[in-house]
Amino acid sequence: MNQQFIFFCVNIGNEKLLKTELACFYPELSLSYSRKGFLTFKNSGVQYSIETISQLQATFATRVGLSLGKCKQSELTEHIRELQKYHELDELNIHCFSVGCEFELSIDDIDNEFDCVINDKGESGDIILNLITLSENEIWYGLHRQDKGITRYANSDPKIIAAIDAPSIGYLKLAQIFELYSLSFKYSDNWLDFGSSPGGASLYLIEHGAKVYGVDTASNQFKHKNYNHIKAAVQDLSQERLPENIHWVHSDLNLKPTQAIKEVLRLCKKYNDTLRGIIFTVQLTNLDYIKELEDFEDIFYDWGFHEIKSVQVPTHKNEYTIIARR
Ligand SMILES: C[S@@+](CC[C@H](N)C(=O)[O-])C[C@H]1O[C@@H](n2cnc3c(N)ncnc32)[C@H](O)[C@@H]1O
């Protein structure tokens with residue numbers, strides 16, 4: 001049987017997080033090739049097909065697929081034709097992106113040559129040919145299928161530009177989470193934002209119609225008629241100090257994950273009847289926390305959330321977000 005290779009794209013700087021996650025949860029994969037933002041692994045376990053590759057869930061991967069090889073730009077047309085024939089891809093749906101380099105393939109040239117769909121989100125079930133450019137002489141290609149549980153954007157980048165007046169990167173981080181994972185909330189829902197300062201995430205929520213109560217040890221720097229600040233450390237807060245009728249919670253605390261989860265879920269008990277979901281960012285100050293990815297999710301299951309997903313967006317560095325919905 002041919003050896004199977006799987007490619008993983010990852011946020012630059014988070015390669016170690018992905019390697020640690022795969023070593024822990026997919027020990028049958030051994031590292032074959034590693035560059036900034038791009039890795040391939042040899043699979044000595046159960047072989048994946050194009051149809052099943054998206055079931056390999058790696059939190060820190062921005063894209064996972066069957067790796068089929070690499071070539072130079074000058075050889076690309078010939079390689080695409082061969083694999084189109086071999087894999088019987090009648091319609092070509094291509095995701096074309098560069099990783100860790102300035103050089104970009106010309107989308108127009110590919111389009112003229114193949115009459116294909118490029119960098120489209122496509123439909124669930126579509127087979128996508130990924131063209132991953134590491135340099136002019138190194139273009140990797142591979143396949144995956146658009147499926148539930150993975151993002152539909154090329155390399156999971158929705159290319160959102162943050163509002164100019166955003167107080168922090170928290171705005172963009174939350175905007176990317178909402179876009180990539182198709183989240184939405186009702187206009188005028190009430191949000192509790194733990195670790196709210198300086199106010200990036202709160203601004204995003206307010207711009208989308210929410211009323212926000214922010215909790216932070218830092219003083220209030222963010223002023224808005226739909227924002228109320230509670231200056232306190234979460235571990236010192238009682239439920240009585242919190243407002244009534246909260247529908248959603250966002251948490252982005254510089255705290256150990258175990259402590260942050262414990263305190264936030266303790267306070268959320270107040271909202272048993274109204275709470276629809278929590279968007280909870282886990283700061284990975286220690287690689288050992290990666291071994292606890294599933295344990296962290298289990299705490300949310302035990303609380304009563306039934307739809308739980310650990311995800312990565314382009315702005316995440318040494319962190320990831322748990323989306324828990326009821
Ligand atoms: C990453 S920042 C949050 C960024 C913010 N969400 C935004 O979008 O602008 C983390 C925040 O957690 C706050 N924080 C850290 N420990 C805390 C604690 N024990 N209780 C409340 N806030 C805390 C810090 O003061 C800091 O403002």
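Predicted model: local features only at pLDDT ≥ 70, side-chain atom pairs only at ≥ 80, totals over all residues.

Residues are numbered from 1 along each chain as its sequence is written, and side-chain values use heavy atoms, with hydrogens and water left out.

Begin with the open sheet. It has 8 strands in the order β2-β3-β1-β4-β8-β7-β5-β6, and the pairing is mixed. The edges are β2 (29–35) and β6 (117–118), each of which pairs on one side only. Strands here are DSSP E runs of at least two residues, helices are H or I runs of at least four, and both are numbered from the N terminus. Two strands pair if DSSP finds at least two bridges between them.

Strand β3 (residues 38–43) runs antiparallel to β2, and 6 bridges join them. Ser34 faces Leu39 of β3 across this pairing. The hairpin of β2 and β3 has 2 residues between the strands, and Gly37 takes a positive phi near 85 degrees there.

Now move along to β7 and β8. Strand β7 covers residues 127–135 and strand β8 covers 138–145. They pair in the antiparallel sense over 8 bridges.

β5 and β6 pair in the parallel sense over 2 bridges. Asn93 stands opposite Val117 of β6. How many residues of strand β5 are buried? Of its 6 residues (93–98), 5 are buried, so β5 is largely enclosed by the rest of the structure. Buried means under 20% relative accessible area, exposed means over 50%, and partly exposed lies in between (1.4 Å probe, protein chains only).

Helix α4 (residues 170–180) is another enclosed element. It is largely enclosed by the rest of the structure because 10 of its 11 residues are buried. Among the buried ones are Tyr171, Leu174, Ile177 and Phe178. Lys173 is also buried. What do the buried residues of α4 pack against? Their partners are β9 (190–194), α5 (200–207), β12 (248–251), β13 (277–283) and β15 (319–325). Contact means heavy atoms within 4.5 Å.

Follow the chain out of α4. Ser182 lies in the loop between α4 and β9. Its phi is positive, about 45 degrees, although Ser182 is not a glycine. Ser182 is exposed, with a relative accessible area of 61%. Asn245 is another non-glycine with a positive phi, at about 55 degrees. Asn245 sits in the loop between β11 (227–231) and β12. At 45% relative accessibility, Asn245 is partly exposed. The loop between β9 and α5 holds Pro198. A cis peptide bond joins Ser197 and Pro198, with omega about 0 degrees.

Two other loop residues are buried. Asn11 lies between β1 (4–9) and α1 (15–25). Its relative accessible area is 8%, so Asn11 counts as buried. The side chains of Asn11 and Gln312 make a polar contact of 3.3 Å. A polar contact is a pair of N or O atoms within 3.5 Å; within protein, one must be able to donate a hydrogen and the other to accept it, and residues adjacent in sequence count only if both atoms are side-chain atoms. Leaving aside neighbours within four places in sequence, Asn11 also has contacts that include Thr62, Pro314 and His316. Ala154 lies in the loop between β8 and α4. It is buried, at 18% relative accessibility. Not counting residues up to four places away in sequence, Ala154 touches His95, Phe97 and Asn119.

Finish at the ligand. Which of the 19 residues around it come nearest? They are Ser168, Gly195, Gly200, Ala201 and Asp216. A residue is near if one of its heavy atoms lies within 4 Å of the molecule. A polar side-chain atom of Ser168 lies 2.5 Å from a ligand oxygen atom. For Asp216, a side-chain N or O atom is 2.6 Å from an oxygen atom of the ligand. Gln235 places a polar side-chain atom 2.9 Å from a nitrogen atom of the ligand. Taken alone the ligand exposes 600 Å², and the protein buries 84% of that. These areas come from the Shrake-Rupley method with a 1.4 Å probe; for residues, only the protein chains shown count as cover.
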